[in-house]
Structure formats: C-alpha cells, structure tokens
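Please look through the sequence and the model shown here before reading on.

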Amino acid sequence: MDLKYTGAVPSDAERDAVDTLLGPPPSGWEGGDERTAGDLRWATGGASAARDRRDQLLPALHAVNDRVGWISEGALDYICRRLTVAPAEAYGVATFYAMFSVRPRPAKVLHVCTDLACAARGSASVCADLTERLGPPGTPAEGAVWQESPCLGLCERAPAALLLRAGPESGQPSSQDAPRLSAVVAPATAPDLLATARTPEAGPPEPPAAAAVPQAGDPDLVLLRRVGSMDPASLDDYRANGGYSALRRAFSLGPAGVIREVLDAGLVGRGGAAFPTGRKWQATAQQAGGPHYLVCNADESEPGTFKDRVLMEGDPYALIEAMTIAGYAIGAHQGFIYLRGEYPRAYGRLGHALTSARTRGLLGPDVLGQGYAFDIEIRRGAGAYICGEETAIFNSIEGQRGEPRSKPPFPVEKGLFGRPTAVNNVETLVNVLPILERGAAAYAATGTGTSTGTKLFCVSGQVARPGVYELPFGANLRELLELAGPPERLRAVLLGGAAGGFVRPDELDVPLTFEGTRAAGTTLGSGVVLVLDDSVELPRVLLRIAEFFRDESCGQCVPCRVGTVRQEEALHRIVDRTGAGAAEDIALMREVGQAMRDASICGLGQTAWNAVESAIDRLGVYK
C-alpha cells in the first residue's frame, strides 16, 4: 500500500460507514465528491481542528472494518482525508491492532483461542481438526477465515472461539451503531465451529451471566451479588436491588468526602499494581488544569482473566454508577470505557445501559438533578494486549498506536488529551459502591489490614467448576481450589496470568493478599488462577507464554522488543532437550530477563520473564 494520498476510491459501503460516524464531508478538501468554488478560495479548520478530531481515527477504522470486514486502500485514504491524518500514520495505526486487516478477507472471521486456559483444555486438537477441514489458519474457506487467537476472555468455557461477522445486523438499516454479529462457541469443537460459520445469523445462544459465577446466589457475595439474580438490561431491576443508593450518598458527602471514604476504606487497584485508589483520585482532583478525565480500563487482555467481562455483562449499571461517582470525586465531566474489541456482548450490554441511564437523567447535563454534568463514551480496542497499560490506552483513544508513554509526567498530571486523568479497571471501580453503601469502616472490616474488601478470582484450567469466584482477602489458595474442584494430580498453579508466577502443590496455603503473595515470591496480579495437572507439558506452556509476549510487545523499546524474541528463541532450543545446552540457554534467559525487568518502558517487558523464571526456580522445569 502506498503511504501517501493515492486517489483510491472507497466503496459506497465504506464511505457510508465513515460518514455515518463523522457526518457528511464539510468540504471537498475533507472527502467531498468535488471541490467547490468556495473550497478553492479559502481553507477552514487548520491544524487545531485536525488535532481535535484525530481521536476519531480508531472509531473510523472500526466503522469500516465492522461494515466490510477489512480496510481497503480507498477506505483508508478516505478516512485520512476526513480527519486530515497523514496516510503513513493511519496505516501505522491500522496495522498495529490485530483485529483490523488491510488485506481482503471474508466477512466472517473465526478466532480460535490457543492461549493458556484453552490450551490446557484441548485447543490444539480443535485447531488440528480445523486445519484438516479448512486448511491452515488464514486460508479462506466457505465464506470465512479462521485464525489462532490469544486469550478471548472466555476461560471458564475453554476451549473457546469467537465468530465475528462484518455487516449490519440482519433486518436493521446500515448504521455505524449496528452491532457486529457475533457468536461465541464454547466449549468449542471443529464441527460446531463449522456449523456456526455456515449459519447466516448469530450462532448458539449465550448462557446466562450466572453460568460464569459458580457461587451465584450466595448471600455473602458483594461485587457479584446481582450477577444472575437480576435482568442486566433492566435499570428498574438494578435500582430495586440497591442501585444508585451509592451515588446519592456520594452527592451528600461531596467530592472530598467521597475521596476520604475511599481512602479510609483502604481500596487499592485490582489490576495488579495495587496502587491506593483514593490517593490517585485525590491527586487528580487537586490538579489545577482542566478538564479532568476518567478512563475505565476494560481491556482485560491478561491470559486467564475474565472477571471484568462477567461484571460488564451481568451488572453493567454498576459500572456506570461507579464511574459517575469517580467522575464526581475527581471533577471530571467526561468518562471513557476502553473496552476489549473481543467483548461484543459487553459492548451491547453497556451501550444499552448508557442509553437507559441518559434517558432517566442518571447521565447527562444534570445527573439526578444535582447540577453535576457527566457522560460516558465507549471506545473499543482492537486486539492489543499492550493497551491494558494505562498510558497506551491514552494513545489509543487519541488515535495513535497503542504504545506506552514514559513517566513522569504521570496520568494524574498529564493523561488523556494532556489533561489530568484517573484510570481504574472495572473491578476497582465497582468496589466503590459497597464502600459508599456500607461505609468505609464496614468495608475495611473485611479482608486484612493492607488488603481490604473482597477480591475476584478467575479460576480456569483443569478444575471441575471454572469461573469467577469472590472471596475476602486473606482466604488462602487451598480454600479457593476446594470451591473450584481441584484435579487429583495437581502439577502447578499459575497466579497472575502470563505476567505472574507458578506455585507448587505444597504451597497452597499461601494467603490470597497482595502482601501474602509477594512474601511467597509470586503475585496476585489481576486475579488469574490457572490450575494445571500432570498431563500438561509445562515446557510447552512456558513456550506459549514467551510467544505471547513476543507477539504483544509493541516494539517501542529495545529491551522488550529484542528480549522477548531472545527468550522465545532460547525456549524453542531447550524445549526438547536438557543438560549442558539447556543450562547455557537458562543462563542467557536470566541475563535477558533481568535486562527487560530493569530497562523496559512498561510492565509488559518488566514482567515477561516472571512466569518462566518461577517455573525454572520453583518447579524445576528443564532439570
């Protein structure tokens, strides 16, 4: 593709998809069919106007990809003219995200998960069967194309697959707002996947949200108490189950009072870093520059993580209420949900909930008649693990490649659009509701002194009852596994996902707290608990982890870009051998791993060696 304006013409469908999002072209210079006499006499807008609309680049790419299935040269050229973006820059963005294609492909794309949880449940045999029936990944057949995918966030039903279809919903007018037809097939088999791909409409019905919550109905649940017990589409059901009482209390406390409650409750971030949420909000609120922004990080791409998906699908209004409280506390009037592109069901649920909340005065210019203006916009990711890093989210929303920024300045000082910004994930935000409903002291009474409240754990792999579990901080790993039904011949448990660490069967009494797992030499991370029995080949698991980090490195910094490749190469060399050769490669990986940990810009490179190191040192792999 030429990386300049080429004069390539978009199809009618591509032009309509972009114009539905952006509106008709205001002039011939910005994509109109022809330049008028007025266009030739003067120019409007300029660099400032172009910067103001650059953040529409990712939505515009989504609009074309959703409508047609891929982004042609003509479509990219038209988007660039509409947004005044250099084609080379737009091409760099379009090719950065795995869900976009700049080459022709069928409208149906079948993503088959081959990551840790699905691999432990037999995804390799599913892929082998598909290869025999349809050909290798990437081969168009029967109007569809299939490809291997990193974690889809469907780990409780592994092995899993997701079918995405381009084009508007059947029977609906062509519209950018029309959802992508999608079908989840889990547990997946090749015959089921083929049958779903051949069906003109959406595939098998989704199970209820409670199917992912084995504890559903337990009266002791806090964050999951509404999942499965109410209609997630009904605002009336949500309010009948205690919804919006926390927001009313927030208005009675005032912004400073809300922050004080969150500080007193001891809430820390649930994404893995465990930074005190109240301190982050306080620092954002104290910044003089405005406007302030709130970003919900709903791009949970850590292999084995699916708790945020379950909350968004099963209790979407809780997230909206929690974001409204957070926005009020930090002085923000605009919030963004940065949502995984692989979560079409959550996208639909949240979109419906946002519309209902606006209609009922719970979002908009005067929330609950309190004179506070706040609204929320969903921005979809497009398949990039690195966009789970908070500053990479900013770049993605702003229409750039999702590459992390160097710190300082920190997001609370200069975040989204260069303004003070607070970033929290879904689980962290939803924890604000019980804090305000019950009071900080009651909330802090659960858990331990430094890890307060309850925690969601994503249990997958070889257990009898995979799913999202909620336990108070301080429960140990053994108690959690007893709830999930551990295998008879437990080999290891991976805590924290691909960026986490392994524990042995004799270490199951480790307390599930941030400080307890650190003391045990591992990490709680985002709450991943992947259980493996002795039928799993651990060297292959480690190789898959290395491949994952190699694929997902954004390539911005040398330690990560080169180090993840060297780590994978070393594991490939030793996966089938031991002895002196393996020892040399292990020594090399230690050196490379330490360099990545010390010098990488963001957490991807800094943690890419963690799981491999723990498997070598704690499990004796390769010895």
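Predicted model: local features only at pLDDT ≥ 70, side-chain atom pairs only at ≥ 80, totals over all residues.

Residues are numbered from 1 along each chain as its sequence is written, and side-chain values use heavy atoms, with hydrogens and water left out.

With a salt bridge taken as a side-chain nitrogen of Lys or Arg within 4 Å of a carboxyl oxygen of Asp or Glu, the count comes to 40 salt bridges. In one of them, the side chains of Arg-379 and Asp-55 meet with an N to O distance of 2.5 Å. This pair links distant parts of the chain, 324 residues apart, since Arg-379 belongs to strand β7 (residues 375-380) and Asp-55 to the loop between α3 (47-53) and α4 (57-68); helices (H or I, at least four residues) and strands (E, at least two) are DSSP runs, numbered from the N terminus. Both Arg-379 and Asp-55 are buried, where buried means under 20% relative accessible area, exposed over 50%, and partly exposed in between (1.4 Å probe, protein chains only).

A further salt bridge joins Glu-390 to Lys-407, with the closest N and O atoms 2.9 Å apart. Glu-390 sits in helix α16 (residues 390-397) and Lys-407 in the loop between α16 and β8 (421-425), 17 residues apart. Glu-390 is partly exposed, with a relative accessible area of 21%, and Lys-407 is likewise partly exposed, at 36%. Beyond such pairs, Glu-156, Arg-157, Arg-309, Glu-313 and Arg-345 are linked in a network of salt bridges.

The pockets are found on a 1 Å grid over the protein atoms alone, a pocket being an open set of points where a 1.4 Å probe fits, with protein on both sides within 12 Å along at least five of seven lines, and lining residues having an atom within 4 Å of a point. Grid points are joined across faces, edges and corners, and a volume is the space filled by probe spheres set on the points. The largest pocket holds about 1500 Å³ of space, and among the 50 residues that line it, Gly-271, Gly-272, Ala-273, Gly-388 and Glu-389 lie nearest its centre. Strand β8 supplies the largest share of this lining, with 5 residues. By class, the lining of the largest pocket has 17 nonpolar, 21 polar and 12 charged residues, counting Ala, Val, Leu, Ile, Met, Phe, Trp, Tyr, Cys and Pro as nonpolar, Asp, Glu, Lys and Arg as charged, and the others, Gly among them, as polar.

The second largest pocket has a volume of about 670 Å³, and of its 32 lining residues, Phe-96, Tyr-97, Ala-98, Met-99 and Gly-383 are the closest to its centre. Helix α22 (538-552) is one of the elements that supply at least two residues of this lining, and α22 gives the most, with 4 residues. The lining of the second largest pocket comprises 16 nonpolar, 8 polar and 8 charged residues.

Finally, His-333 lies in strand β6 (residues 332-339) and is partly exposed, with a relative accessible area of 48%. Leaving aside residues up to four places away in sequence, His-333 touches His-292, Tyr-372, Ala-373, Phe-374 and Asp-375, contact meaning heavy atoms within 4.5 Å. The side chain of His-333 reaches the backbone oxygen of Ala-373 at 2.6 Å.

Note on methods
Polar contact = N/O pair within 3.5 Å; in protein donor to acceptor, adjacent residues only side chain to side chain.
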